[in-house]
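Dear colleague,

I am passing on the structure we spoke about, for you to look through when you have time. My notes on it come after the display.

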Amino acid sequence: MSLTIGQPAPPFTLVSTERRQVSLSDFKGKKIVLNFFPFAFTGTCTTQLCTMRDNFGYYEGSNAVILGISVDSPFTLAKYKEVNNYQFELLSDFNKDVSTAYGALYEEFILGLKGVSKRSVFVIDEEQNIIYAEVLEVATDLPNFEAIAAIVK
């Protein structure tokens, strides 16, 4: 299923790196930059999230929250967050429900792996509607960071 601009963002509750429940509704009243990525500790994923980390101050000043989501376990994501000094939450979609709801799931991935989050970015407005959607089919491609920054302003 493909999400479109103006559509309500699918609600979710996932486990964070701090092993607590985090829901989309927790951020009502703020913009959310939702980053799906295939796997922790891989090159392009690290580039994607480090770019968000390095621009965190810009997003923070825009009343925006950055969230990262992958199918990795919360324990793997906790170590990944620590190693890379991410200031934002990483959430485990281990059961693949949220990646599926957002149309951001590879049925088949490299090495015969199935059910891996597609590199994708969704920006959700203060009323929890989608105002930007980018789902990449090629895992080594990076999202359009300039377009994301412009929509968050």
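This is a predicted model: local features need pLDDT of at least 70, side-chain atom pairs count only at pLDDT 80 or more; totals for chains, interfaces and linings use all residues.

Residues are numbered from 1 along each chain as its sequence is written, and side-chain values use heavy atoms, with hydrogens and water left out.

The protein chain has five helices and nine strands, taken as DSSP runs (helices H or I, at least four residues; strands E, at least two) numbered from the N terminus. Of its 153 residues, 53% count as buried, where buried means under 20% relative accessible area and exposed over 50%, with a 1.4 Å probe and protein chains only.

Helix α3 (residues 74–84) has Pro74, Leu77, Tyr80, Lys81 and Asn84 as its buried residues. Seen down the axis of α3, these fall within an arc of 120°, so they line one face of the helix; the arc is that of the directions from the helix axis to the C-beta atoms. The face turned away from that buried side carries the exposed Phe75 and Glu82, and just after α3, Asn85 takes a positive phi of about 55°.

Ser117 lies in strand β7 (residues 114–117) and counts as buried because its relative accessibility is 0%. Its side chain makes a polar contact with the side chain of Ser99 (2.7 Å); a polar contact is a pair of N or O atoms within 3.5 Å, and within protein one must be able to donate a hydrogen and the other to accept it, residues adjacent in sequence counting only if both atoms are side-chain atoms.

Best wishes
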